[in-house]
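Trainee: Could we go through how the helices and strands pack in this one? I'd like to start with a pair of helices.

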Amino acid sequence: MLTACSSGTAGTNVEQDAKATLELWTRTTPGGPGEQGTLRLAAAFEKATGYKVKVTAIFDDFETKMQQRAAQKDLPDIVMNDVAQLGTMQSQGLLREIDLTKLAGAENVSERALASGKGVDGKQYGVPYSAQATALLIRKDWREKLGLKPPQSWADLAALAKAFTEKDPDGNGQNDTYGLAAPLSTKRGYASWYFSNFLWAGGGDFVADAGGGRFKPAMSTPESIAATQWFRDLACKDKVIQPGAVTMDTPPTNETFESGKTGMYVVGPYLMPRYDKSLGKDKYEVVPMPQGAKNADVLAEGGAIYLMAGSPNNAGQDAFASYAISAEGQKVGMEGDTAYIVQLPVNKTVDIGQVRPDPRWKTYADVYQSSGHYPPSIPNWTPVRQAAADTVNALVADCGLDLKGELQKLDAKLAGILAEQGVAAS
């Protein structure tokens, strides 16, 4: 794939033209708020630097269209995509290595965010421009009605979930509420994506770093088994997760919290504008996830800027990345109530409290810095996430399955996936 973009090191043998318009692809819905926010950032960048940018928003068939452009030896100059896509894009030779010394202000990017832009070889291939982590949304009105406190431990969380399920917190006299909203569909690996918030806090892992860019399966370790058992008990024993969770991805799960069917939801900050409007700020609260068996680690995600191989305007690529991570660029990316593309700033000089006075955003920012946990940048994370989701989903859907046996089978699959990608520990 790399030779489709350039000969030799990515992008070094392409004739350069600093006046060439930068073609930027962003993985978001055309016409949606993500595109609007990207257009605003591109316009501010053009005004500040003089470089020209053409923005294209693509959501459906993004990877297929990228492969087509690679085959034509005509990749876009810049791609804005999830940090989780780094391994896949880098292993296909689509990215050029980033020299952080050429990015103005790179030293101001948080170490946690910057590390998420590194490949398994330790080299920088992505520049994170936005971060996010999950926190716990709780129906505050329900909790206060029952005279309970925000959970400080997994035991507290389970007890609160049980109270929300059994004690009629909405006062309608019906047995129609549940403690925890959970998207546990196998679609796009949602079950393991959500479960990661509990697995890591319990000291478990999907695959463990064995050093030297090598990994080993870790779902059948004692810690992973215990975390999986605890989570499964919420559904199978305590029955505090909403019915039908194993068939739900995020849209219907989002609605269960919104419609008053579930009382807690582990999720990122992006739903706050929606819930503020539909529920009202006074009805729910945002608190850090309680301490698990090991720590309070939660899923960290975000967006990264990828500088694509074969660009005729490397200087423009570097300039755009520099602007996006600058204090000015970060603030532009955070503007608006819905069309913002920066969830949490990655620039350490940006005080989120000054840009967004709402203290709930500060809660999310603090959680990210203290407990944000990114998946590893293996060549392709998707099959690991999907295999784990299939198993987690099956264990919740069939409460009679042998948990340890299923996790051992999963580890065998993960071993094969790691071997296929050339990153299995010997």
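Mentor: Helix α8 (residues 222–236) and helix α16 (residues 403–420) have axes that come within 10 Å and cross at roughly 125°. Helices (H or I, at least four residues) and strands (E, at least two) are DSSP runs numbered from the N terminus, while axes are lines fitted to C-alpha atoms, for helices over the stretch in contact, with angles from 0 to 180 degrees between N-to-C directions. This is a predicted model, in which local features need pLDDT of at least 70, side-chain atom pairs count only at pLDDT 80 or more, and totals for chains, interfaces and linings use all residues. Residues are numbered from 1 along each chain as its sequence is written, and side-chain values use heavy atoms, with hydrogens and water left out.

Trainee: OK, α6 and α8 next: at what angle do their axes cross?

Mentor: Helix α6 (residues 154–166) and α8 cross at roughly 15°, their axes coming within 11 Å, and that makes α6 roughly parallel to α8. W154, L157 and A158 of α6 make the contact with A227, W230 and L234 of α8, and the residues of this contact divide into 6 nonpolar, no polar and no charged.

Trainee: How far apart are the axes of α7 and α15?

Mentor: The axes of α7 and helix α15 (residues 382–397) are 6 Å apart, and the two helices pack at an angle of about 85°, so α7 and α15 are roughly perpendicular to each other. On the α7 side the contact is made by Y190, A191, S192, W193 and F195, and on the α15 side by R385, A388, A389, V392 and N393.

Trainee: Switching to strands, what order do the 4 strands of the open sheet take?

Mentor: The order is β6-β9-β5-β10, with mixed pairing, where two strands pair if DSSP finds at least two bridges between them. The edge strands β6 (178–181) and β10 (284–287) each pair on one side only, and neighbouring strands of the sheet are turned by 20° against each other on average, direction ignored.

Trainee: In which sense do β6 and β9 pair?

Mentor: β6 pairs with strand β9 (residues 262–267) in the parallel sense over 3 bridges, and L180 stands opposite M264 in β9. Helix α7 (residues 190–199) lies across β6 and β9, running at about 90° to β9.

Trainee: Last one: over how many bridges do β1 and β2 pair?

Mentor: Strand β1 (residues 22–27) and strand β2 (residues 53–58) pair over 6 bridges, in the parallel sense, and R27 stands opposite I58 in β2.

Technical notes:
Contact = heavy atoms within 4.5 Å. Parallel < 35°, antiparallel > 145°, perpendicular 65-115°, else oblique. Nonpolar A, V, L, I, M, F, W, Y, C, P; charged D, E, K, R; others polar.
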